[in-house]
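Please keep the sequence and the structure in view while reading.

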Amino acid sequence: MGSSVSQAGAPPPPPPTYASTPPPFAPAAADAAFATPPPKPHEEEATEEKVDYLNLPCPVPYEEIQREAFMALKPDLFEGMRFDFTKMITPCFALSHSVYMGSTEIPAQGNDVIKVPTSNYEFGANFINQKTMLMGRISHDGRENIRVKHDITDYLSLKINAQLTSEPHYSQGMLNFDYKGKDFRSQIQFGNNGFYGANYIQSVTKNLSLGTEAFWLGQQRKSGVGVVARYDTKKMVATAQIATTGMVALSYVQKVSEKVSLASDFMYNQMTKDVTATFGYDYMLRQCRLRGKLDTNGVISALLEERLTPGVTFQLSAELDHWKKDYKFGFGMALGE
């Protein structure tokens with residue numbers, strides 16, 4: 001959200017320009033000739049770019065309005081050891097293996113943190129071409145994660161997200177139909193437990209887009225409506241989201257340079273009276289990426305991804321919660337062609 005002029009002879013060199021105080025040898029007549037009067041207010045308004053409402057850009061998807069902030073404020077932190085290996089079988093098909101050894105937290109009263117050692121292995125298969133994306137993961141304990149995206153037409157696409165477990169009432173599934181217009185996007189959602197939802201986002205100007213959503217939870221007999229606003233330029237992205245469920249979310253990302261971004265967000269939940277503000281950064285060097293954040297709950301976290309060689313990435317993760325006396329450290333390795 002020119003013209004060129006040709007002349008018979010070469011033009012003479014442009015006359016020298018002077019600063020606000022001309023040198024003593026410059027004549028007064030030359031000062032008057034070279035001085036450029038400031039533009040008038042109405043002339044400045046006339047030079048401003050007019051909004052072409054018939055040629056607005058297509059906005060980002062409704063669920064991705066805060067994607068720049070999430071990149072810096074929601075890094076993939078982990079505790080313990082993680083190893084990922086991806087093998088390309090064909091240009092469209094790949095297999096993956098993931099091993100994780102660490103700990104998981106269980107609910108406890110007060111601020112005490114109880115951790116139980118755990119380990120997990122996942123086998124995955126991915127198929128991606130120009131119109132279809134199929135991604136599947138299955139763990140050693142029988143949990144399955146499935147993601148499907150298929151472009152039915154150039155404007156309509158189908159998405160399926162599912163998580164299947166052997167435990168009753170813990171499996172989840174979501175079916176989405178996304179329609180991409182010239183300057184708008186719309187989505188219809190169907191989920192288990194009687195979930196129905198729809199959202200719509202429209203570009204209002206070149207940089208501003210507005211949207212709304214509505215959902216219904218049949219099992220809990222609850223409904224909600226929300227509105228969002230997103231303003232983005234080449235240097236910054238600001239978003240606001242309000243819902244009738246009592247949730248208020250604000251985010252701001254400042255692009256300092258092509259490699260450095262600063263982000264912040266504000267979250268308020270009226271139901272739990274929880275207020276959280278987070279400040280983070282996203283720093284990309286030549287062969288590494290460093291992301292970190294600090295929130296008002298006293299939690300400090302950082303994630304370092306260092307590319308050792310092509311296809312080999314080393315990861316360091318750390319999260320410090322001084323209030324709960326909870327400290328998490330992890331390291332990992334990712335191999336892929």
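Q: Which side chain of opposite charge is nearest to D295, and how far away is it?

A: This is a predicted model, in which local features need pLDDT of at least 70 and side-chain atom pairs count only at pLDDT 80 or more, while totals for chains, interfaces and linings use all residues. Residues are numbered from 1 along each chain as its sequence is written, and side-chain values use heavy atoms, with hydrogens and water left out. D295 is buried (under 20% relative accessible area, where exposed is over 50% and partly exposed lies in between, with a 1.4 Å probe and protein chains only), yet D295 has no salt bridge, a term for a side-chain nitrogen of Lys or Arg within 4 Å of a carboxyl oxygen of Asp or Glu. With Lys and Arg counted as positive, Asp and Glu as negative, and His and the chain ends not counted, the nearest side chain of opposite charge is K293, at 5.5 Å.

Q: Which backbone nitrogen does the side chain of D295 reach?

A: D295 has its place in strand 16 (residues 288-295), where strands (E, at least two residues) and helices (H or I, at least four) are DSSP runs numbered from the N terminus. The side chain of D295 reaches, at 3.1 Å, the backbone nitrogen of N297.

Q: How many residues apart in sequence are the parts that the pair of F195 and F215 ties together?

A: Rings of Phe, Tyr and Trp (its six-membered ring) pair if their centres lie within 6.5 Å, and planes under 30 degrees apart count as stacked, over 60 as edge-to-face and the rest as tilted. F195 and F215 form a stacked pair, with 6.4 Å centre to centre and 25° between the planes. F195 lies in strand 9 (residues 195-203) and F215 in strand 10 (residues 208-217), so the parts tied together are apart in sequence by 20 residues.

Q: Is H169 buried or exposed?

A: H169 is found in the loop between strand 6 (156-164) and strand 7 (172-180), and has a positive phi of about 70° although it is not a glycine. With a relative accessible area of 83%, H169 is exposed.

Technical notes
Polar contact = N/O pair within 3.5 Å; in protein donor to acceptor, adjacent residues only side chain to side chain.
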